Amino acid sequence: MPTISMSKGTGIVTSVPSDSPDDYAMLRDLQTKKGLREKYFVEEEWCVPFEPIPIIEIPGLGNLAAKKCVEDLKIQSHKDADKLKEAKDMCYLEGFYKGIMLVGVAKGQRVEEAKPVIREHLLKESLAITYYEPEGEIVSRSGDQCIVALKFQWLLNYGEEEWKNDVKKHITSEHFNTYNVKTQ
């Protein structure tokens, strides 16, 4: 999907064409537009004849909310950004508060209630890890783009001698490069 930022997080995302209008529109375009497949190096058999799998029932929108909203709003392409935003707002808001899970460990529960249940299940079964990332780009004081990592500690004890010695040894080694003359 052209909307995925490869510079944020892993660049790997799930595709949920049953409930995400962006994903549904892109799947439909990939299925019907040979030139688009060629542009993104997607083979036809990777997207044809696949259909979205219903996972949430949303009152008024059914179990394929993305498809319904895309069709109701007459969205022509994955590039129809304004209409897709409107469709996404409808699907996500209604889906989260009124949607009922059709599959999985939280089948029959409202999405709002199912979310923590599914999270806990995935963590317990080692099918997922906790992952956090900032909402936007992080830039250092020197103007460099930062890569933020999840660390299981809140602060560093700058007075800890072993840690200080390891850092001093590293920054004085020939392998240390700050990549910015302001920090040398």
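Okay, let's start with a pair of side chains: Glu38 and Lys34 meet in a salt bridge, at 3.9 Å from N to O. By salt bridge I mean a side-chain nitrogen of Lys or Arg within 4 Å of a carboxyl oxygen of Asp or Glu. Both residues sit in helix H2, residues 34-39, four residues apart, which is about one turn of the helix. Helices here are DSSP runs of H or I with at least four residues, numbered from the N terminus. Lys34 counts as exposed, at 56% relative accessibility. For those words, buried is under 20% relative accessible area, exposed is over 50%, and partly exposed is in between, with a 1.4 Å probe and protein chains only.

Before I go on, a word on what you're looking at. This is a predicted model, so local features need pLDDT of at least 70 and side-chain atom pairs count only at pLDDT 80 or more, while totals for chains, interfaces and linings use all residues. Residues are numbered from 1 along each chain as its sequence is written, and side-chain values use heavy atoms, with hydrogens and water left out.

Back to salt bridges. How many does a search of the whole structure find? Nine. Another one joins the side chains of Glu94 and Lys98, at 3.3 Å from N to O. These two are four residues apart in helix H4, residues 81-98, so about one helical turn separates them. Glu94 is partly exposed at 24%, and Lys98 is partly exposed too, with 44%.

Then have a look at Glu112 and Arg110, whose side chains form a salt bridge at 2.5 Å, N to O. Glu112 is partly exposed at 31% relative accessibility, and Arg110 is partly exposed at 29%. Salt bridges with shared partners join Arg110, Glu112 and Glu113 into one network.

The side chain of Ser18 reaches the backbone oxygen of Ile53 at 3.3 Å. If we skip neighbours within four places in sequence, Ser18 is in contact (heavy atoms within 4.5 Å) with several residues, including Pro52, Ile53, Asn63 and Leu64.

Ser20 is also placed in the segment before H1. Ser20 is buried, at 6% relative accessible area, and, not counting residues up to four places away in sequence, touches Ala66 and Tyr92.

On a 1 Å grid over the protein atoms alone, a cavity is a set of points where a 1.4 Å probe fits but cannot get out, a pocket is an open set with protein on both sides within 12 Å along at least five of seven lines, and lining residues have an atom within 4 Å of a point. The second largest pocket has a volume of about 330 Å³. Of the 17 residues lining that pocket, the closest to its centre are Met1, Ser15, Met26, Leu27 and Leu30.

What about cavities? The whole structure has one of 30 Å³ or more. The largest cavity has a volume of about 40 Å³, and Met1, Pro2, Thr3, Asp22, Met26, His78 and Leu84 line it. Volume here is the space filled by probe spheres set on the grid points, which are joined across faces, edges and corners.

How values were computed:
Polar contact = N/O pair within 3.5 Å; in protein donor to acceptor, adjacent residues only side chain to side chain.
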